[in-house]
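Visitor: I am new to this one. Please walk me through it in short steps.

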Amino acid sequence: MSGPNGEPHVPAGNVGRSEEGDDDGFGETEYAAINSMLDQINSCLDHLEEKNDHLHARLKELLESNRQTRLEFQQQLSEEQNMQADVQGPHMDI
């Protein structure tokens, strides 16, 4: 069972002693469990990094596509305004 911060719960009777009787607080089982948790965390972080890289690439593509569309729209609008100005001829204010 996990503790309040998600840490593995270690019963109070085992604190300071490992299964082998060492006084360092951790035995091979505890180190194996910690290594397994770290491996899982590392795997999750790798997966998140891959997703982040993929999203970043897709957003760059979308940004470039939007820039290109905006430039084409502005060019088309400018051409239409120039054509209208040519058709209407010069305006003289009285």
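Visitor: How many salt bridges does the structure hold?

Guide: Keep in mind that this is a predicted model. Side chains of opposite charge can pair when their charged atoms come close. Here the number of salt bridges is two.

Visitor: Which residue forms a salt bridge with Arg 58?

Guide: The closest N and O atoms of this pair are 3.2 Å apart. That counts because a salt bridge needs the nitrogen and the oxygen within 4 Å. The partner of Arg 58 is Glu 61.

Visitor: By how many helical turns are Arg 58 and Glu 61 separated?

Guide: Both residues sit in helix α1. They are three residues apart there, so the separation is about one helical turn.

Visitor: Is Arg 58 buried, partly exposed or exposed?

Guide: Buried means under 20% relative accessible area, and exposed means over 50%. Arg 58 has 47% relative accessibility, so the class is in between. Glu 61, its salt-bridge partner, is also at 47% and counts as partly exposed. For Arg 58 the answer is partly exposed.

Visitor: What is the N to O distance in the salt bridge of Glu 64 and Arg 67?

Guide: Glu 64 and Arg 67 both lie in helix α1, three residues apart. Glu 64 is partly exposed at 43%, and Arg 67 is partly exposed at 38%. Their side chains meet with an N to O distance of 3.6 Å.

Visitor: How many helices and strands does the protein chain have?

Guide: Helix α1 spans residues 28-88. The count for the protein chain is one helix and zero strands.

Visitor: What percentage of the residues is buried?

Guide: The protein chain has 94 residues. Its accessible surface comes to about 8,800 Å², with 55% belonging to carbon and sulfur atoms. The buried share of the residues is 2%.

Visitor: Which residues form the negative surface patch?

Guide: One member, Glu 49, has its place in helix α1. Glu 49 is partly exposed at 48% relative accessibility. A patch residue needs over 30%, so Glu 49 passes that cut-off. The patch is formed by Asp 46, Glu 49, Glu 50 and Asp 53.

Visitor: What is the accessible area of the nonpolar patch on the surface?

Guide: The patch is formed by Phe 26, Tyr 31, Ile 34, Met 37, Leu 38, Ile 41, Leu 45 and Leu 48. Met 37 lies in helix α1, and it is partly exposed at 32%. Together the patch residues have an accessible area of about 720 Å².

Visitor: Is the pair of Phe 26 and Tyr 31 stacked, tilted or edge-to-face?

Guide: The count comes to one aromatic pair. The ring centres of Phe 26 and Tyr 31 are 5.6 Å apart, and the planes are at 45°. Planes under 30 degrees apart would be stacked and over 60 edge-to-face, so this pair is tilted.

Visitor: What is the relative accessible area of Tyr 31?

Guide: Phe 26, the other ring of the pair, is partly exposed at 35%. Tyr 31 is partly exposed too, and its value is 42%.

Methods. Residues numbered from 1 in each chain as written. Predicted model: local features only at pLDDT ≥ 70, side-chain atom pairs only at ≥ 80, totals over all residues. Heavy atoms only, no water. Patch = residues over 30% accessible without salt bridge, like charges linked within 9 Å, V, L, I, M, F, W, Y side chains within 5 Å. Areas by Shrake-Rupley, 256 points an atom, 1.4 Å probe, with all protein chains shown as cover. Lys, Arg positive; Asp, Glu negative; His and termini not counted. Charge placed at Lys NZ, Arg CZ, Asp CG, Glu CD. Helix = DSSP H or I, 4+ residues; strand = E, 2+ residues; numbered from the N terminus. Buried < 20%, exposed > 50% of the residue type's maximum accessible area, 1.4 Å probe, protein only. Phe/Tyr/Trp six-rings, centres within 6.5 Å; stacked < 30°, edge-to-face > 60°.
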